[in-house]
Amino acid sequence: MAGWTGYFTGKGDAPSRLQRMVQQGKEVAKQERSRWQQNRMIYRGDQWFRPRPGAGFSSGRLEVLSEGARGRRRDTFNRLRQMTDGRVSTLTASRPPYEVIPKTRDQQVLDAARQAKKLISAKWDESGWNVSGTMRELVLTGEIDGVSFLNVTFDPTCGEETVIYVNPQGQPISTREEYEAAIQQDPDGGTLWMEQRLRMGEIVWRVVRPGAVAVDPSALHWKDVNWVIESRVLPKAKIEADNKVKIDKLLKEEKNRSGNANANRDATLGPVVAEDEGQLADRIIPGREEYIVHEMYMKPSAEWPKGCHAKWLDRAPGNPLMVEEYPDYDLPYRPFNPKPDGGHYMRCRGTVDELRPIQQRFNRVLSLLSGWMEKVARPPVLVPVGSLRNQELYNEKGFAEVHPIGDPHFMPTPSEPVAVLTQHLQWCVQQMAEIANQSDALRGMQPGGVESAVGIQALAQNSETQLSGTASQVAGMIEWGLSRSLRLVRDYYSIPRLVQTSGVDSSDELSAFVGEMVRDAEDVQITASILPRSRALQFQTLMQLAPLVGQDIRPYVARFVEGSYDEFISSETAQRDKQQRENRALAALGKLDERDQVWADFSQISAQYMKAFAMASSSGNPEDALSMAGIQPPSVLRMLRDAGINIPTVEDYDDHAMHLRALDLWRLSDGFDAIHPLVKQAAREHAAEHKKALQQQLISMGGQTPPEMQAPGGGSPPAEKGNPSPPKESGGPNVPIAGAM
């Protein structure tokens with residue numbers, strides 16, 4: 001069994017120190033627990049509360065007040081949940097645009113960034129890391145509690161069981177060359193290679209409620225937190241299976257170590273609350289076979305010089321289930337505060353805190369209005385004392401006893417308060433919408449009138465402005481989680497794995513993906529707003545840019561009709577990726593064995609051509625003269641193509657402007673100056689081919705102008721000598737010119 005020796009060097013013993021850390025780290029959570037519980041119950045629709053007799057809110061238990069003092073059930077309508085869910089849906093509507101930032105401009109690192117971006121796209125949904133679902137849960141918890149925690153770790157026990165090939169030392173065979181060599185030398189296996197079934201492990205995204213976390217009490221801001229401890233209630237069978245231990249034996253050893261755990265326990269330490277709801281007595285009940293397990297991440301410090309990642313049973317801190325070094329200064333937890341207030345991050349208030357008093361006022365007014373309507377529908381009856389009283393004859397408690405004054409008669413109906421109460425209800429809803437930053441457009445209320453379309457766009461833009469602060473917090477959480485995930489991929493994806501799910505093509509780079517392939521490309525950055533935008537506004541922008549794609553927009557009609565705005569962006573990305581593949585093919589020319597000889601031949605031919613060019617300059621146009629003589633300018637690409645080497649070719653479907661931009665980025669990179677001159681010349685010639693094709697395309701677009709579309713004032717062509725001139729053709733001042741940009 002692992003121990004604390006070599007990890008803890010502070011004063012006293014490690015078990016007592018850990019117990020005190022758990023208690024002290026949960027002090028803030030104990031103070032905020034009642035508020036969190038009220039927020040959650042109100043979010044679920046339990047709008048009215050009363051404390052338990054003699055307990056108050058200190059025990060953290062609330063009871064729903066389902067009926068009023070006279071037995072009538074309260075009338076409630078959960079507007080708060082609608083506003084909160086509206087904010088969450090707006091902030092997590094779709095996957096945000098992102099880029100993986102390479103640390104250098106080397107082509108290998110650029111390729112790693114592209115592979116990392118595809119990997120994130122493949123792992124985004126529930127079949128992978130479930131980033132989308134986790135972010136929605138994270139934002140919802142933060143909106144309710146004011147704080148929620150995101151945990152991103154690598155779990156070696158996750159993922160499906162798979163078959164891999166290992167060498168005699170038990171290490172995975174990670175390259176195709178090593179595998180094929182082992183197969184040739186040992187076709188039947190068993191000596192140089194063998195099959196092994198195991199779980200490859202996977203990145204796990206989890207949302208942790210603040211009550212389950214104990215954090216450094218001396219830190220007001222997360223950047224100053226040195227350690228974090230999460231407490232979870234787990235079944236006994238799972239604890240024993242994951243840690244290969246017997247809990248009964250573990251508890252017995254702990255009792256022998258401490259003498260008498262109950263007698264020796266520090267009197268200043270109270271019971272441990274494992275989760276945000278309930279006390280220890282509620283969760284740890286004999287016969288339920290559940291135990292509290294603490295998991296700690298400690299940065300390197302004076303007491304813990306190597307850092308520490310450990311798990312231990314709450315009832316057996318002296319015998320940890322697992323303990324190892326943690327040299328990383330980045331804790332695997334990060335708090336999310338939708339509305340940070342500059343104080344302690346655990347005391348931040350959420351949207352539900354702000355909406356709760358108005359929601360309660362809304363329900364009180366609604367209850368008054370409902371009570372008045374009941375009295376109108378079943379007015380009370382004055383009954384003389386001693387008369388027959390029957391609730392079925394009259395109504396539910398709808399009678400009053402008075403002295404005999406004659407026959408029973410109905411009391412006068414009170415004045416109608418519907419207008420006042422209804423206006424107050426509308427005011428409550430309006431105030432909640434303003435607090436939640438939920439405009440009419442987001443709540444499905446379309447503005448009327450001829451300016452409705454303009455109003456919708458204005459409201460959508462207004463919502464984007466109002467939610468920009470919270471959106472930046474969400475974007476920061478996504479960036480941190482994805483960046484940490486890529487670092488975990490780099491460190492733990494040692495076994496080749498197939499990545500061919502939605503969003504990833506079947507390229508060779510991802511068919512046998514390992515973590516080393518994303519090295520130096522682990523930082524993720526959100527490139528635009530994560531908030532949804534008006535589709536009408538997006539396509540209005542596209543229509544303004546339509547001349548850039550030419551006068552014939554028929555190939556794009558389906559995209560406009562279907563509303564596939566992302567299709568335009570994907571087409572641009574495909575063109576850029578194609579040129580990046582061509583860049584890699586051109587860079588590979590520097591690894592040819594005959595590269596020096598080809599460059600020497602090209603240099604010699606270039607020198608001869610320059611001499612011939614200088615001699616032909618005295619007789620007029622040297623290029624035409626040399627062309628007439630059958631002498632062409634030297635070209636590295638033509639020489640390599642003639643030698644049978646596969647060289648990228650400019651195609652008619654290429655977006656030449658996009659290819660030229662990708663070429664320029666490569667030629668501006670740090671490593672381009674250090675490559676072989678043969679590669680530099682090939683890149684220049686390839687760019688020249690794209691420029692020539694782009695120029696021909698522009699000329700072709702201008703030459704296709706039909707006669708009836710020509711510019712005004714051109715008139716008819718002159719007639720031959722001796723023939724009468726045809727009448728001049730006139731054109732209007734606003735005749736368009738085909739091919740204009």
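**Cavities**

In this predicted model, the structure contains 2 cavities of 30 Å³ or more. Select Q24, G25, V28, V215, D216, P217, H344 and M346 to display the lining of the second largest cavity. The volume of this second largest cavity is about 40 Å³. Rolling a probe the size of a water molecule over the atoms shows where empty space is left.

**Salt bridges**

Turn next to the charged side chains, among which the structure holds 34 salt bridges. Select E143 and R87, whose side chains form a salt bridge with an N to O distance of 2.8 Å. E143 belongs to helix α5 and R87 to helix α3 (residues 79-91), so the pair ties together parts that are 56 residues apart in sequence. Both E143 and R87 are buried.

Proceed to R487 and D330, which meet in a salt bridge at 3.5 Å, N to O. This pair links distant parts of the chain, 157 residues apart: R487 is in helix α14 (residues 468-492), and D330 is in the loop between β12 (322-324) and β13 (333-336). R487 counts as partly exposed because its relative accessibility is 24%, whereas D330 is buried, with a relative accessible area of 17%.

Now select E354 and K339, where the side chains meet in a salt bridge of 2.6 Å, N to O. E354 lies in helix α11 (residues 351-377) and K339 in the loop between β13 and α11, so this pair ties together parts that are 15 residues apart in sequence. With a relative accessibility of 33%, E354 counts as partly exposed.

**A buried glutamate without a salt bridge**

Select E685, which is located in helix α23 (residues 677-703). E685 is buried yet has no salt bridge. The nearest side chain of opposite charge is R641, 6.6 Å away; a salt bridge requires a distance within 4 Å.

Which side chain makes a polar contact with the side chain of E685? Select S635: its side chain makes that contact, at 2.9 Å. Then display the backbone nitrogen of V636, which lies 2.9 Å from a polar atom of the E685 side chain. Leaving aside residues up to four places away in sequence, E685 touches F602, P634, S635, V636 and L637.

Move to N130, in the loop between α4 (107-123) and α5 (131-145). N130 has a positive phi of about 55° although it is not a glycine. At 26% relative accessibility, N130 is classed as partly exposed.

Next, select K244, in the loop between α7 (236-243) and α8 (247-258). The phi of K244 is near 55°, a positive value in a residue other than glycine. Is K244 buried or exposed? K244 counts as exposed, because its relative accessibility is 71% and the threshold is over 50%.

**A tryptophan in helix α12**

The tour ends at W427, within helix α12 (residues 418-435). W427 is partly exposed, with a relative accessible area of 39%.

How values were computed: Residues are numbered from 1 along each chain as its sequence is written. This is a predicted model: local features need pLDDT of at least 70, side-chain atom pairs count only at pLDDT 80 or more; totals for chains, interfaces and linings use all residues. Side-chain values use heavy atoms; hydrogens and water are left out. Helices (H or I, at least four residues) and strands (E, at least two) are DSSP runs, numbered from the N terminus. Buried means under 20% relative accessible area, exposed over 50%, partly exposed in between (1.4 Å probe, protein chains only). Lys and Arg count as positive and Asp and Glu as negative; His and the chain ends are not counted. A polar contact is a pair of N or O atoms within 3.5 Å; within protein, one must be able to donate a hydrogen and the other to accept it, and residues adjacent in sequence count only if both atoms are side-chain atoms. Contact means heavy atoms within 4.5 Å. On a 1 Å grid over the protein atoms alone, a cavity is a set of points where a 1.4 Å probe fits but cannot get out, and a pocket is an open set with protein on both sides within 12 Å along at least five of seven lines; lining residues have an atom within 4 Å of a point. Grid points are joined across faces, edges and corners, and a volume is the space filled by probe spheres set on the points.
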